[in-house]
Every structure is written in structure tokens, then in C-alpha cells.
Amino acid sequence: MKSITRRAFACGMALLPSFRPALARAQTAVSPTEAGAIAKEAYIYGFPMVDSYRIQYAYFVDANGPEYKAPWNQLRNFSRVFTPEDKAVQTPNSDTPYSFLGMDLRTEPIVLTVPVIEKERYFSIQLIDAYTFNFDYIGSRSTGNNGGSFLIAGPHWNGSPPNGVTKVIRAETEIALAAYRTQLFNPADIDNVKKVQAGYRVQTLSAFLGAPAPKAAPAIDFIKPLTPETEKTSLEFFNIVNFLLQFCTTNPSEKELMARFAKIGVGAGKTFNAGNLTPELKTAIEQGMADAWQALAQLQKRMDAGEVTSGDTFGTRAYLKNNYLYRMAAAVFGIYGNSKQEAMYPMYLVDADGKKFDGANRYTVRFAPGQLPPVNAFWSLTMYELPSSLLTANPINRYLLNSPMLSEFKRDGDGGITFYIQNEAPAADKQPNWLPAPKGGFFVVMRLYWPKAEALEGTWKQPPMQRTV
């Protein structure tokens, strides 16, 4: 990691070898009880960052991997929707073809240009920082469909907005992700989506201005990410947090938190050396990691009961008010989910009787006349198998039901719509309304893109999913 270490030293963040014994002394000065409590906090704080890094490493670093998209600062369009073969991101949407852009903002800003898009077609560009905050949006709801150029600047850029830029958007981290979603009306519409995607442009600021490029920041020596399984228990987790914090400014609200984390060797540029820990401290820190998952399990109970919604867990730093457990829940249950103003995700985690879903059973969900999800764009119901939280393979390759399919659904006698959620195909007259389920555990996510006020304010409620056999 020579290049990034030089950069960290220049910023006063490097941990020189001569100081590592001091770090060991600092760690041993912390009691096991305090170390466990700090580890729990640091794990909850860092989990979204570490899991996001796992994904972005697969997308933008590991050129030989199956999930690789493109190098940093180069846009990759996908003119298809996600399928069960896409395994990097939990709960992917299969409504909108994606485009992905990993942004390295250390050298200079990046300018995203979007074309004029017909007003009926929803699109969005979700801007996600290294903390996993949704720090801003470009799209139908936020900026309209009339096109424009949007400058994305890192925390250390001090330039002036140039001519031709519609809006300057600031990120508080030097690494960020742009996730584009372009609505596909039906399979025959794919060529139109391709035309829209061809109009998306990404340029460095210097290229946008036709000016000489500044001196490039040092190449990053990316460290190997953990797997979803080892993220839960490996103490290497904290070194990945330390690596990522080098690309993040410290928010004033977190200065005391960072000082607390430093007591166990967690901080920008630090080295967390598990080998220097006493057995008591190692056990305490491992227990702290386990305690973080217990805290999440308690939060999940509140989410199952409807006390906390997915909309509470995604958003800006200001919206989340530094609720790190909510941020962890967002990463675990649906990383890179939208802020609720952009999309809401009412989830079916249990049936009407409070029991977990099982593909051995059959279920229905009915929307009474006039009670379909209220949206300005569109809605969908998507099936995910457990424990992977990925799309589930099925004989008809149907992973969701959505509003563009309304003309295909069979209506009830009163004009309402009943959907059938089960593993085996229902009777022929019900198959247009069938959402195939796996044989084992599953959950269903409803998506409301650009939700209307009655959804945002809670006057519209999702109907329960009933077990029928």
C-alpha cells in the first residue's frame, strides 16, 4: 500500500511503525468492557462502509471478477434488468436497467451530463458517498427531465462553478457511487432505454472545460475486501474501516466518536493489529461485534412490527441524524436503497399473522379498488429468497409484478386486484397475477418510485399478505 500510505502521511494520518507499540499500549489501557462497547459502536458505524466497499471493489477494482463493471470515473450502462445471476448487491431492483459509475473525486470533480428525456419516463441518479449516505439526486423528481450537466465535487475542491453547469453537488467523501435507474416500460421498450443511456455522459471537469488536467492523485492500493460471511466475525473488518476513513472527512458531529474509536485502534490510516491484543481484549472486541448483530436483531423486530420502516433508514446524514444502527440496517436489508422521497420500500417480512414466509405455503395480497400504491412514477412487488436476499430463479423468469403490467393482470369482480405468491403455479386463470416464490424462506419488497403524498404521509397503507393454506 505504498501509494496510499504516502498520501496518508502527507495528510498527517499515517501510522508510522515506531508508533505501533504506542497503539498496542493504548489498546491494552482500555478495559475489556470498554473495548467491547467501543467495538460494538465501531462495527455498527463501519458495517455499511465495509459492505459497500465489498461491492465497489467487485464493480470497479477487480477487473477479472464476474461483477466487474468499469474502471473508476467511467460509466457502464446495462440494457437489461437484474436477474438471479446478479449476486453482488442484496435486494436488487429488476424494474429499471442500471448504469453504474464509481467516482474517484480526489484529483478533480466529475461532471455528469444527462440528455432530455421524455416526461413519461422516470429516471434517477442516486449519489451515494462512502458512508452510504444518499447525499443528493439527479432525476425526474429532483431536477426534471430537461437534461443538464451536474458537477460532483469532493470535500477538498475549492473551485468556482463553471459556465454550463446546472448544479454543483458536494460529497463529503473522496470516493462515491452514482447509481442510474432508467425506467423500462416493457420488454419491447429496451431500445428506447438504450437511446437514453447513450445520452448519459461522464467527464472530468478539465475534460468538460477542454482544459489541461491537473496532476493526478496517487494510485490507490486497494485492500482485499471481506466476504459477506467474514464481515460478520473477522477482526480484519476494522482495518478495512481504517482504510476507508482515509477517503472521508471527519464530520464535526463525529469528532468525539472518532476519538473514542481510536482507543481500540480504529481511525483513518491506523492499523488494527489483532495480534497485539490480550486474549481478554480480543474476546471482548469479538463479543462487541456479536452484540452489534444482536442490536440489529432487536431493530428488525421493530421493523417487522412496523414501528420503523425502510424509509427511516435511507437518506442524507442530516435526515438520519447519525443513527448508525439505522444505517447498518439499510446496508444489511437493502444496501443502496433510495431515500423515501425518491422511492419507498414497504416490505413484506411476515404474513398477516406475524409468521415468516415459507414457500411451502400459499399467500395472497389484495389491492381494493382505488388502493393501488400511490406513485408519480411506478410501483412493483419483487420476490427475494432467503438467506441470500437475491432474486429467485423460477420457471417463468418472473421476478416481480409492477404497474407497467397492469393491463396484463386479471381483475377481481369489484375491480380490485389479487396477487398470488406461491412456489407452484396457481390455476391457469390466476397465473397472470402469480409472483413465483422459492421453496424455502422469502420476503417481498414493494417499491413506490416517486411516491405521492398519501404514501409519504402514511395515509395509504400497504395491504397485508394473507396465508391461504
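This is a predicted model: local features need pLDDT of at least 70, side-chain atom pairs count only at pLDDT 80 or more; totals for chains, interfaces and linings use all residues.
Student: Which residue in strand 17 is the bridge partner of R366?

Tutor: Residues are numbered from 1 along each chain as its sequence is written, and side-chain values use heavy atoms, without hydrogens and water. Strands here are DSSP runs of E, at least two residues, numbered from the N terminus. In strand 17, R366 has as its bridge partner T418.

Student: How many bridges link strand 13 and strand 17?

Tutor: Strand 13 covers residues 363-367 and strand 17 covers residues 417-422. One of the bridges joins T364 to Y420. The two strands pair (DSSP finds at least two bridges) in the antiparallel sense, and the count is five bridges.

Student: Which residue in strand 20 stands opposite Y363?

Tutor: Strand 13 also pairs with strand 20, in the antiparallel sense over three bridges. Opposite Y363 stands R467.

Student: In what order do the four strands lie in the open sheet?

Tutor: Strand 18 (434-436) and strand 20 (465-467) are the edges, each pairing on one side only. The pairing in this open sheet is mixed, and the order is 18-17-13-20.

Student: How many residues of strand 13 are buried?

Tutor: Buried means under 20% relative accessible area (1.4 Å probe, protein chains only). Strand 13 is largely enclosed by the rest of the structure, because the buried share of its five residues is four.

Student: What average pLDDT does the protein have?

Tutor: Over residues 1-28, pLDDT stays under 50. Still, 94% of the residues score at least 70, and the protein average is 92.

Conventions
pLDDT is the predictor's confidence in each residue, from 0 to 100. Contact means heavy atoms within 4.5 Å. Buried means under 20% relative accessible area, exposed over 50%, partly exposed in between (1.4 Å probe, protein chains only).
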